[in-house]
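Colleague: Hi! Could you walk me through this structure, one piece at a time?

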Amino acid sequence: MRTNTNHLSARTSTDVRNLGILAHVDAGKTTVTERILFLTGATHKRGEVHDGTTVTDFDAQERDRGITIFAAAVSCAWDGHRINLIDTPGHVDFADEVERSLRVLDGAVAVFDAVAGVEPQSESVWRQADRYGVPRIAFVNKLDRAGADLDAAVASIRERLHTVPLVVQLPIGRENEFTGVVDLLRMRALVWHADRDGDAYASGTCSSGTYEVVAIPEALREQALRRRHMLEETVAELHAAAMEEYCATSALSTPVLASALRDLTLGGEGTVVLCGSAYRNRGIEPLLEAVVSYLPSPVDVPAVRGTAVRGTAVRGTTVHGTAGDAVQERPADPAAPFAGLAFKVNATATGRLTYVRVYSGTITKGDTVMDAGTGRTERIGRILRVQADRHAELDRATAGDIVAVVGLKTARAGTTLCSPVAPLVLEPPAVAAAVVSVAVEAHRTVDTGRLSSALARLVEEDPSLAVRVDRETGQTVLSGMGELHLEVAVEKVRRAHGIEIGVGRPQVSYRETVVRGVSGLVYRHVKQDGGAGQFAHVVVDVEPLEEHTFAFTSTVTGGRVPQEYVRAVEAGCRDALAEGPLGGHPVTGLRITLTDGSTHPKDSSEMAFRTAGRFALRTALRESVMQLLEPVVELTATVPDDAVGGVLGDLAARRGRVTDSTTRSGTAVITATVPLAELFGYASRLRSRTQGRGTFTTRPMGYAAVPAGVAVR
């Protein structure tokens, strides 16, 4: 029988685990989440992605498409610990949802397909977790599939993710005969028995939860001993205390090995690897035990750091730096001043739900909190424990909690919420720049105002979306991370607000760069129309910069241009970068050097020099040799062997450059670099060329030069 876990309250912050489920699309993230919820008693029926009955994929579009689109938070309990879990999307178009989730999580479970191993988006989310220093364990899923190979999957983890895999299990049986695992830590076998429906839950005969603990099968004993020895050797090489025991006894005891595995996981020096089949309900209990044993609680991670507002050092904080820009640490202590980060907003017709990670302190219903960025205070109306689209009301939330609050009117994703008497600004999650745009308009003129409001609400919920009105055409332009991202956003407006929307062809965001610059360009800004005039004289050099960035330096000596005017010239140059001479696209990849200039004792001002900087750079760009850049992506297509020729030909027609091609078990994996502008409609073309069997993913790779003669779309 399952562990009784209906009571979700944890005794202390040490009993809390805040973790995310990360993976490539279709690796089984949502199924893993569903099995965790069922096993812990949070749900009483196992949801299935193919049936549209999962808890976390509750949005209608998620159920229609069969993929996770929006990060969903749920809570459950296991072995006296409360687990706050976020099921994240696996498609690259929704990577920003993953980014915002990782910012507030303490740990993660990375799920890998036992057949495919590390896939492109697996690698992307792993790098995102690296940026935030989130400890991870790995779960190799789908061991029941034809072609499943734990060793191959582990090798891909080692080679592509550059981590040390610490494999603590050995599968029993291959592919369809996979029935359990050998626990290399305790040297025992865990076997799941199928019932009449093929499920993993046996009736009454299991001696430990939903699986049976038995002796290691004789056929696997030698291999298990060898793998245990390899695990001990690897751990001893990485962990000092383990090395001491290993040198003394040539082996590691189970307690020392378990402690070392936890230390290596928390330090990011190794990754514990487990295996199973979530769909067949095999391997989830050991995964939960590993979450509790190896992943950190809120008190195990470093105290959150933020920038204190001037003059606000208070008891319960550690201050670094000088007044005004001091960095403070807030421990995960319920008695410390409150500090939390809003990481997700759901704006509905009946109100706003703001998802908050509480880093320190305690909040109760009715408390007043401050938006540290704006200085505004707001009152918390209600505090909710989130269960995907369902909620349970709470009286308070303490350090380590992830909750939703009602009553905040202006908070956005990335907003720091804190105690008004101890303001602190936390680092917000990074927001990727949008790369694909579509023009949207309401079919009926009377719906234009409603469409504007709906789009504004959409941007509140998803910061990776952007809405602007084109100054030249007057069109409303919606920008996002990819074609699917925009398709989902438009459909959401249609369904939620009943507005018929017309959508134009997506436009990509081009850039312009300098190939050959100019030196010694002189620009004088002189304006005299009565009263005080404007005077600014600047001399600038413009040269290419290999990285697609912008740099500004000044070599003016002798005070010929005061420092405040130098800053004004830089600001003017940044203004000019917004529109290049080739097509009005943003300019990047150049260095500007202010080499000389002069001022007028009465008519010079910061405004005059800013204007001079703007027009000087515009003139310099017109005289420079410029190059148009287009966004390119790495495309990974998985297609049947018999369709490779047609797929390669189609990629060549789209100006794609194939960088890798591998074949395995009748399937080819093709990797190519392709201009983003050529990929619109590619999903339909790939399906038609492969009879619906081909799939592909993309990830941004930066910008590349547009070849001569190619029309800009």
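**A walk through the model**

Modeller: Helices here are DSSP runs of H or I with at least four residues, strands are runs of E with at least two, and both are numbered from the N terminus. This is a predicted model, where local features need pLDDT of at least 70 and side-chain atom pairs count only at pLDDT 80 or more, while totals for chains, interfaces and linings use all residues. Residues are numbered from 1 along each chain as its sequence is written, and side-chain values use heavy atoms, with hydrogens and water left out.

Colleague: Thanks! Is A153 buried or exposed?

Modeller: A153 counts as buried because its relative accessibility is 2%. Buried means under 20% relative accessible area, exposed means over 50%, and partly exposed is in between (1.4 Å probe, protein chains only).

Colleague: What is A153 in contact with?

Modeller: Leaving aside neighbours within four places in sequence, A153 is in contact with D113, A114, G117 and V140. Contact means heavy atoms within 4.5 Å.

Colleague: Let's look on either side of α5. Where does G147 lie?

Modeller: G147 is in the loop between β5 (136-141) and α5 (150-161). With 25% relative accessibility, G147 counts as partly exposed. Not counting residues up to four places away in sequence, G147 touches A114, V115, E175 and R664.

Colleague: How far is R664 from G147 along the chain?

Modeller: They are 517 residues apart along the chain, yet their C-alpha atoms are separated by 9.2 Å.

Colleague: Where is H162, then?

Modeller: H162 lies in the loop between α5 and β6 (165-167). H162 counts as exposed because its relative accessibility is 64%. Its phi is near 55°, a positive value in a residue other than glycine.

Colleague: What about R655, what is its phi?

Modeller: Phi of R655 is near 65°, also a positive value in a residue other than glycine. You'll find R655 in the loop between α14 (644-653) and β37 (657-664). At 26% relative accessibility, R655 counts as partly exposed.

Colleague: New topic: cores. How many residues has the largest nonpolar core?

Modeller: It has 43 residues, and those with the most contacts inside it are V109, I137, V235 and L261. Helix α9 (residues 284-294) gives the most to this core, with 7 residues. Apart from it lies another core, of 37 residues, among them L465, V644, I670 and Y682. A nonpolar core is a set of buried Ala, Val, Leu, Ile, Met, Phe, Trp, Tyr and Cys residues joined through side-chain atoms within 4.5 Å.

Colleague: Why would such side chains be found together?

Modeller: In soluble globular proteins, nonpolar side chains tend to be buried together.

Colleague: Which residues does V109 touch?

Modeller: Not counting residues up to four places away in sequence, V109 touches L19, G20, I21, L22, I137, F139, L287, V291 and L295.

Colleague: Which residues of α11 are buried?

Modeller: They are L484, H485, L486, V488, A489, V490, E491 and V493. The buried residues of α11 pack against α2 (60-65), β26 (436-442), α10 (448-461), β28 (476-480) and β29 (501-503). Just after α11, G498 takes a positive phi of about 65°.

Colleague: Last one, the whole chain. How many helices and strands are there?

Modeller: The chain has 15 helices and 39 strands. Of its 713 residues, 54% count as buried. Its C-alpha atoms fill a box of roughly 95 × 70 × 65 Å, taken along the principal axes. Among contacts between residues at least 6 apart in sequence, 71% join residues at least 24 apart.
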